[in-house]
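Have a go at each task before you read its solution.

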Amino acid sequence: MRFADRLYLAGSYDASLTEYWRFLFFHPEHPHAFYAYYKVGLAQAQLQEWDAAVLSLRRAVQQEAPNEFRHRLRYQLALTLMAKNDFDLARLELFKLIRTDSAGHAGEAATWLYGLLLLYQKNWPEAQAVFARLQQRAVSVELTDDLQQIMDLLQLLKTQPERKSPRLARRLSTFIPGSGQFYAGHFLKGLNALALNAGAGYLAWRALDEDRRRDFALIVLLLWSRYYQGNRLHAAEAAIRTNQRYQENLLTQIYARLQQAGRQVSNTSLRIEWSDLPTP
Amino acid sequence: MVAKRIYGKWSILLALMLRPPAVAEAQTLQNDLAFLLQKRPTSETFNIKNETPPTKTGRRQISEAKIALYGAIFVYQTVLSSQDMSTCNFTPSCSRFSRAALEHGGLIRGVLLTADRLQRCNGLPGKGLHYRFLPAVGKFADPLTRYIDSSAPVIDHE
Amino acid sequence: MNKILAAFALAILAPAGEALTQDSLATSAALDYYSPVNVLKFGHFLWQQNDYQRAAVEYQRYLTDDFAPGRDRVLYQLGRCYLKLSQTEPAAKYFYQAARTAPVSVFRDSASVAYAGALLLSKRDAAFLQTADSLNASTPTLSPALQIQLLALRSVSHLQRAQWDPALKILANPLLPEAGETPVASLRQLAERGKTLPQKSRLLAGVMSTLVPGSGKIYARETADGLYSFIIITGASWLAYEGFRDHGISSYKGWLFGSAAAVFHLGNIYGSTIAVRLYNERQQEKLARAVAAQLVAWVNF
């Protein structure tokens, strides 16, 4: 297995996988089997084989292992699930870890990851609660400040999740085509919608005025109704886009603060190394 | 001379033997947060028409007629189509198909292919027999290659 | 002294040198992971796990020992690995080596037929035919199962080149089962289908659409599109006629709808010929895929 580790460290992940599998084939019940599965999972994650990595890390967690390693194994599993964007399962694993290792390094790191996961899931109130718990445990003034800023930004997202209401934009455009787009801040699109609808309306009115009823019906059915309905739909879309930009802006600030805060947390390594393992 | 050569060989060997072993980067919370933030999911950009932007092609000599048609397509896309609902059954959309047909098939062929495409772009049933449905965008695939490259596979949904 | 130092350095640098470190002394003393027997065991395990790439590496590691027993079987297994990885050229190479290495036996015949199959999968028709002929000539006592397989591969080779009659002639061989739901029956059906493959005329479609807008599309089995084109073109033509009738030659409505009708009509004629081309190609491609699926089924060693 040392050879496999050296291959892994040298970046030959595929070759290291072969050697870990070889160890597991010949020693399926070895006390260090959990470590082999763990390294298999890490190697597969390096190769972006996320499904396989999750499977291997699950097997590592299921193996017999000393308590001090079980938390780190579960932490790695949760991290890999998050990298795979499988947030529901990651949440489950992080929850288990926070409950069983509340005072340890893995439990603390899991709390941070849990906060990040809640941000990804746009669950602002719960994320705020998690960062508040972390703030209570913070030892430095800088860390407390960073966490406070994160919570303030989350408060903003919680109380004012939208800058523009898509429903109101759609209603405005129902009465005056283009007004919804203006409300959402898309002025050119609003002018375009207004001009098109005004043009189609004028053509329809002229046809009716000249008693060309068939032409009036065709213009209204084939032209005006499409642009009118399109105008309402696009007004709502414009408001949604504005809201998305606003949220992204706030989230970018939150992530930057989070990264800064992460630098001030303990530097204890959460990786399991060969040298950590007890002699079987 | 011999002693120098032996000395040189063994000093290289010693250097290799005493080289520091590779050490993995420590897995700290800071590194893990940075890794996850790098991979964070991007928010879906709202797009009624579910279109991907066309790839730019290189500049070539084009005739005035083609320029006029490109201009008409551009005006249609910017002014008219941007306000319209998503009614096109196909992807790429008819205006994009038309532009590509003019670019790759020439003026006459491009106009004929456009006219044919506009007639095929109707909401009538039976499209599933001849075109592949793309659930992600909710439209049928009708790429230009089917019409101007006879070596391209016709069946792409089996 | 130099030799002792060199041996010590090699021991540290080579992978086997890892075994000298204290941590793995216990396991290495009990087990040599890289002995031919264990390499082969591990290779078979990887094959069962469907990890064909790694299995191939282990089989090749086994074969680095020129005196390892059962080389022919391992070469054959290596061929199977590459076949599973859809790498037909290396598969053919290893099947060939297995056939050359094996003593005269049913196994050698199997390896030879596998080699022929891999050649066919690699689209090397000439080499396949040469191999099949030499197999028939040199081993007249091929087992019935292998003879059937070889005949089936020959017929697939003809089917791939759209040679329906030669394929049917081979499939009429008395060795092959006649009736029932057999894989051979599927080949016969494909050959019959190839002979009577429906193909339509592009010229006819164009002429039909010229005379009656949309009829060419209906001929190409795009009925809804054909009807729609008919409505659009006749509708636009009628509006153009109305415009010219009411306002004379200077009517903008007449010119607008008239031009639109003309362009759509020409587009419909062109589109009808393309629709027929696509229809014909679709029929050919469906058949080609069915033949390719048969080939994979018959080369499934």
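**Exercise 1. Is C:Ser86 buried or exposed, and what is its phi?**

Solution. Start with the neighbours: C:Ser86 has 10 C-beta neighbours inside 10 Å, so it counts as exposed. The cut-offs go like this: a residue is buried if 20 or more other C-beta atoms lie within 10 Å of its own, exposed if 12 or fewer, and partly exposed in between, with C-beta atoms placed from the backbone. Next, the backbone: phi at C:Ser86 is positive, about 60°, although the residue is not a glycine. Finally, the location: C:Ser86 sits in the loop between helix H5 (71-84) and helix H6 (88-101) of chain C. Helices (H or I, at least four residues) and strands (E, at least two) are DSSP runs, numbered from the N terminus.

A word on conventions before going on. This is a predicted model, in which local features need pLDDT of at least 70 and side-chain atom pairs count only at pLDDT 80 or more, while totals for chains, interfaces and linings use all residues. Residues are numbered from 1 along each chain as its sequence is written, and chains are lettered from A and ligands numbered from 1 in the order in which they are written.

**Exercise 2. Find A:Gln48 and describe its backbone and surroundings.**

Solution. Look in the loop between helix H3 (33-46) and helix H4 (50-62) of chain A. A:Gln48 isn't a glycine, yet its phi is positive, at about 65°. Now count: there are 10 C-beta neighbours inside 10 Å, so A:Gln48 is classed as exposed. For background, most residues other than glycine have a negative phi, and most peptide bonds are trans.

**Exercise 3. Which residues does a cis peptide bond join in chain B?**

Solution. The bond runs between B:Thr91 and B:Pro92, with omega at about 0°. To place it, go to the loop between strand E1 (90-91) and helix H4 (94-105) of chain B, where B:Pro92 is found.

**Exercise 4. How do H9(C) and H10(C) pack?**

Solution. First, get the geometry: helix H9 (residues 144-160) and helix H10 (residues 164-171) of chain C have axes 8 Å apart, at an angle of about 170°. Axes are lines fitted to C-alpha atoms, for helices over the stretch in contact, and angles run from 0 to 180 degrees between N-to-C directions. Second, name the arrangement: H9(C) and H10(C) are therefore roughly antiparallel (an angle over 145 degrees). Third, list who meets whom: from H9(C) come C:Leu151, C:Arg154, C:Ser155, C:His158 and C:Leu159, and from H10(C) come C:Pro166, C:Ala167, C:Ile170 and C:Leu171. Sorted by class, that's six nonpolar, two polar and one charged residues. Here Ala, Val, Leu, Ile, Met, Phe, Trp, Tyr, Cys and Pro count as nonpolar, Asp, Glu, Lys and Arg as charged, and the others, Gly among them, as polar.

**Exercise 5. Sketch the overall make-up of chain C and its domains.**

Solution. Chain C has 15 helices and zero strands. Of its 301 residues, 35% are buried. It is divided into domain 1 (1-31), domain 2 (36-197) and domain 3 (202-292), with bounds from an automatic or database domain assignment. The centres of domain 2 and domain 3 of chain C, taken over C-alpha atoms, are 50 Å apart. Their contact takes seven residues from domain 2 and five residues from domain 3 of chain C, where two residues are in contact if their C-beta atoms, placed from the backbone, lie within 7 Å. On the domain 2 side, H9 and helix H11 (183-195) of chain C are the elements giving two or more residues.

**Exercise 6. How many residues does each chain give to the contact of chain B with chain A?**

Solution. Chain B gives 23 residues and chain A gives 36 residues. On the chain B side, the largest share is seven residues, from helix H2 (residues 29-38) of chain B. By class, this side has 13 nonpolar, six polar and four charged residues.

Terms used:
Parallel < 35°, antiparallel > 145°, perpendicular 65-115°, else oblique.
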